[in-house]
Amino acid sequence: MKKIIFSMVALSFVSAYEIKEINTFASPESVVANDDYIFVSNVGAKLEPLNKDNDGYINIISKKNDKLEVFAKDLNAPKGMKIIDDVLYVVDIDTIYGFDINTYKEVFKLVIKDAVFLNAIESLDANTLLVSDTGTYKIHKVDLNGGKYSDYLNIDKENGGPNGLLIDENYLYVVGYDPSEKDGGAILKINLSDKSIEKLSNNLEQFDGIVKVDKDILITSWGKELKGYIYKLSNNKLEKLNLRDLKGPADMFYDKSTKTLLVPEMANNSLLKIKLNSL
């Protein structure tokens, strides 16, 4: 794939954390990493996550030397990603793609009928994905071997559309986002055995990403007027991390190998690398 220029990298110390900011993206929505690479999905030049305009793409960044390339292009508005073995899975409005990380070639494609806003991916096991659709309030269960899917769960509209997903032990955590942008979404904890649902906070916000960092759970929120933040969820209480206002913090990833939180700042075209020596 053709290389693109790796633009400005800046260091800032405006908070309690050491932060490196990379400004070279186009409405970055999601980030994941393996031992060698970081992947960033880009919705496109305009922040239009539902438009089939063919200007979306995925970057790959070497963790060894920070070299940045285009990994996959000619997508519409790619968002949540998940790496299983050597395949990068990504959702793109109503389609799930899989790309071989070594060859960059497409190895999987599945269209979800009537989907409008596929957003995040989690894995129940190496052959089964859970995929949120914020626009239809559904979570789909995808059989990768069979190339089939089914409805796994419907989320009540009062909790917002399901956005970020996290599986931890026997629970699925779901953070909500109101697609009408009038109210907000909730934070839900769902028992994978019986699908019973517990609401973890009374806050209704435009939540986006969710990750686990050691024993803590971190959640991004768009806040209001592009003054977003990252919460730490502890004992069903939300505590903001000491960071500057974030412009559209989206589907983040915690890189355990470097103890770094990778946060796409969607409305700022940037990726933040936040060193987390402690929370």
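Strands here are DSSP runs of at least two residues, numbered from the N terminus, and two of them pair if DSSP finds at least two bridges between them. Asp 143 has Lys 148 of E14 as its bridge partner. Four residues sit between the two strands, and Gly 147 in that turn has a positive phi of about 65°.

Before going on, a word on what you're looking at: this is a predicted model, where local features need pLDDT of at least 70, side-chain atom pairs count only at pLDDT 80 or more, and totals for chains, interfaces and linings use all residues. Residues are numbered from 1 along each chain as its sequence is written, and side-chain values use heavy atoms, with hydrogens and water left out.

Now zoom out from the hairpin. It belongs to an open sheet of four strands in the order E11-E12-E13-E14, with antiparallel pairing. E11 (118–125) and E14 are the edge strands, each pairing on one side only. From one strand to the next the twist averages 25°, using axes that are lines fitted to C-alpha atoms and angles from 0 to 180 degrees between N-to-C directions. At the E11 end, five bridges join E11 to the antiparallel strand E12 (residues 128–133), and Glu 122 has Leu 130 in E12 as its bridge partner.

On to the aromatics. Rings of Phe, Tyr and Trp (its six-membered ring) pair if their centres lie within 6.5 Å; planes under 30 degrees apart count as stacked, over 60 as edge-to-face and the rest as tilted. That rule gives eight aromatic pairs. Take Phe 71 and Phe 99: their ring centres are 6.1 Å apart and their planes are at 80°, so this pair is edge-to-face. It links distant parts of the chain, with Phe 71 in strand E6 (residues 68–75) and Phe 99 in strand E9 (residues 95–100), 28 residues apart.

Last stop: Ser 221, in strand E20 (residues 216–224). Ser 221 is buried, with a relative accessible area of 0%. Leaving aside neighbours within four places in sequence, Ser 221 is in contact with residues including Glu 205, Phe 207 and Tyr 229, where contact means heavy atoms within 4.5 Å.

Conventions
Buried < 20%, exposed > 50% of the residue type's maximum accessible area, 1.4 Å probe, protein only.
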